[in-house]
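Please consult the sequence and structure shown below while reading.

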Amino acid sequence: EGILQRRFLLSISRGKPIHDGEMYSGSTKASLLRQVWLQLARGGNAAYFFTWNRRSWDEDWKPAGSAEGGRKVAEKFPYLMLNPFAVPTDALTGIQEFKRDLYKIDDLFVPRQRNVPSEVALLLSFPSARYAGATGDRNFHEITTCSAALEFSHIPNDVVLEEQLPEGRAAGYKVLVAAGVGNLYPESVAPLTKYVEDG
């Protein structure tokens, strides 16, 4: 679902930067590095770790400043970047390591716009999602499988919201993947029919 969500954000942002204001890291340098590389690979422009404090004021940090209290707080909040019992201090060096390694390939890897327009779009239907949630219908989850397949096949793709169909948003795509869509708005039928009739 993370892949689909990122494609959705890229599609609706239409070239605007995408920032993740609440990125979580694991408790090792390797997990921290995985997170930042994944953000970059998925097309993000900036990411901010949550959260840069240690909650030293927390009731569980007793006695104050003790290792025992720090461990208790880290068990409750394993994402506290400045609590050394949650994220060891040496793991933070991964940020500089990422920056150093990125500079070696940034001219190849970092630019987002390569002027390759997407010819494929996934149809995201909130009515289908709500229907699936209410009835237990798992077919809607086919969209995540299709999204992953497109991502790993390196086929550029966008996401089109069902609400955008009447305005002709799908017309610019050669293929519209409507996986698991089983419950549409009544006003979606005409534009989908026209899309198919237009080839």
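Helix H1 (residues 2-13) packs against helix H6 (residues 142-152) at an angle of about 75°, and their axes lie 8 Å apart. The model is predicted: local features need pLDDT of at least 70, side-chain atom pairs count only at pLDDT 80 or more, and totals for chains, interfaces and linings use all residues. Residues are numbered from 1 along each chain as its sequence is written, and side-chain values use heavy atoms, with hydrogens and water left out.

**Packing of H1 and H6**

- H1 and H6 are therefore roughly perpendicular to each other, a term that covers angles of 65 to 115 degrees.
- Ile3, Leu4 and Arg7 of H1 make the contact with Ile143, Thr144, Ser147, Ala148, Glu151 and Phe152 of H6; contact means heavy atoms within 4.5 Å.
- By class, the residues of this contact are five nonpolar, two polar and two charged. Ala, Val, Leu, Ile, Met, Phe, Trp, Tyr, Cys and Pro count as nonpolar, Asp, Glu, Lys and Arg as charged, and the others, Gly among them, as polar.
- Axes are lines fitted to C-alpha atoms, for helices over the stretch in contact, and angles run from 0 to 180 degrees between N-to-C directions.
- Helices (H or I, at least four residues) and strands (E, at least two) are DSSP runs, numbered from the N terminus.

**Salt bridges**

- The whole structure contains 10 salt bridges, each defined as a side-chain nitrogen of Lys or Arg within 4 Å of a carboxyl oxygen of Asp or Glu.
- One of them joins glutamate 151 and arginine 7, with an N to O distance of 2.9 Å. Glutamate 151 belongs to helix H6 and arginine 7 to helix H1, so the pair ties together parts that are 144 residues apart in sequence.
- Lysine 29 and glutamate 97 also meet in a salt bridge (3.3 Å, N to O). This pair links distant parts of the chain, 68 residues apart: lysine 29 lies in helix H2 (residues 29-41) and glutamate 97 in helix H4 (residues 93-109).
- Lysine 29 is partly exposed at 30% relative accessibility, as is glutamate 97 at 22%; buried means under 20% relative accessible area, exposed over 50%, and partly exposed in between (1.4 Å probe, protein chains only).
- In the salt bridge of aspartate 198 with lysine 194, the closest N and O atoms are 2.7 Å apart. Aspartate 198 is exposed, with a relative accessible area of 56%.

**Alanine 46**

- Strand E2 (residues 46-49) includes alanine 46.
- Not counting residues up to four places away in sequence, alanine 46 touches Ile18, His19 and Asp20.

Terms used
Parallel < 35°, antiparallel > 145°, perpendicular 65-115°, else oblique.
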